[in-house]
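Hi there,

Here is the structure we talked about, together with some notes to read beside it. Have a look at it first, then carry on below.

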Amino acid sequence: MEYIMTPLEGVWILEPRVFGDSRGYFIETFKQSDFESHIGPINFIQDNESMSTYGVLRGLHYQRGEASQAKLVRVIKGCVLDVAVDLRRSSPTFGRHIAVELNDENHRQFFIPRGFAHGFLVLSDEAVFMYKVDNVYAPQTECSIRFDDPTLDIHWPIPASDMNLSPKDVNGLPFAEAVYFD
């Protein structure tokens, strides 16, 4: 596995080695000792999976306070644009984002630490998205920031008119009104 540091402190792209032949392929998707030697100790406690169709945008979500979650995400079918937004006021990259394409061909994974909002947009007909988290879902602490907030200047490759959004995401807060981390 290759661990690639991004310009946002704590956010990593993981590129696994793919061993393929005429029968298919094999990849190692997670090894605790390697993960900890590159990124540090994280106690992932739950694996989640979602399926979405073209144009579905999920995000930009996060949980406040002690309910915050670190995530290790990947796509096992299809293609998404995955985005992390730095909500740590003390960070030199506060308010900046990074976008990474994750798909079933590049097998990339994206690690997003606590203190970030996260979202993804499905670019293929269908996408199966998997993620590990280090904290349980606490709906009472969940927040959503508007995906199209001009302050964030995220360049989504699908027009907003073609996106499929939940009511929570349509009514997300402007970035200026978000609850930040210290």
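Which residue forms a salt bridge with lysine 77? The partner is glutamate 126, and the closest N and O atoms of the pair are 2.7 Å apart. (A salt bridge here is a side-chain nitrogen of Lys or Arg within 4 Å of a carboxyl oxygen of Asp or Glu.)

Before going further, please keep in mind that this is a predicted model: local features need pLDDT of at least 70 and side-chain atom pairs count only at pLDDT 80 or more, while totals for chains, interfaces and linings use all residues. Residues are numbered from 1 along each chain as its sequence is written, and side-chain values use heavy atoms, leaving out hydrogens and water.

**Salt bridges**

The structure holds nine salt bridges. In the pair above, lysine 77 sits in strand E7 (residues 71-77) and glutamate 126 in strand E12, 49 residues apart. (Helices, H or I with at least four residues, and strands, E with at least two, are DSSP runs numbered from the N terminus.) Lysine 77 is partly exposed at 41% relative accessibility, and glutamate 126 is partly exposed at 27%. (Buried means under 20% relative accessible area, exposed over 50%, and partly exposed in between, with a 1.4 Å probe and protein chains only.)

Another salt bridge joins arginine 89 to aspartate 182, with the closest N and O atoms 2.8 Å apart. Arginine 89 lies in the loop between E8 and strand E9 (97-103) and aspartate 182 in the segment after helix H2 (167-170), so this pair ties together parts that are 93 residues apart in sequence.

**The sheet**

Six strands form an open antiparallel sheet in the order E1-E2-E10-E7-E12-E5. (Two strands pair if DSSP finds at least two bridges between them.) At the edges are strand E1 (2-5) and strand E5 (46-53), each pairing on one side only. Eight bridges join E5 to strand E12 (residues 126-133).

Serine 50 lies in strand E5, and its bridge partner in E12 is phenylalanine 129. Is serine 50 buried or exposed? With a relative accessible area of 15%, serine 50 is buried.

**The cores**

The largest nonpolar core has 21 residues, and those touching the most other members are Leu60, Tyr62, Val85, Leu87, Ile145 and Trp156. (Such a core is a set of buried Ala, Val, Leu, Ile, Met, Phe, Trp, Tyr and Cys residues joined through side-chain atoms within 4.5 Å.) A second, separate core of 18 residues includes Phe110 and Ala127.

Happy exploring!
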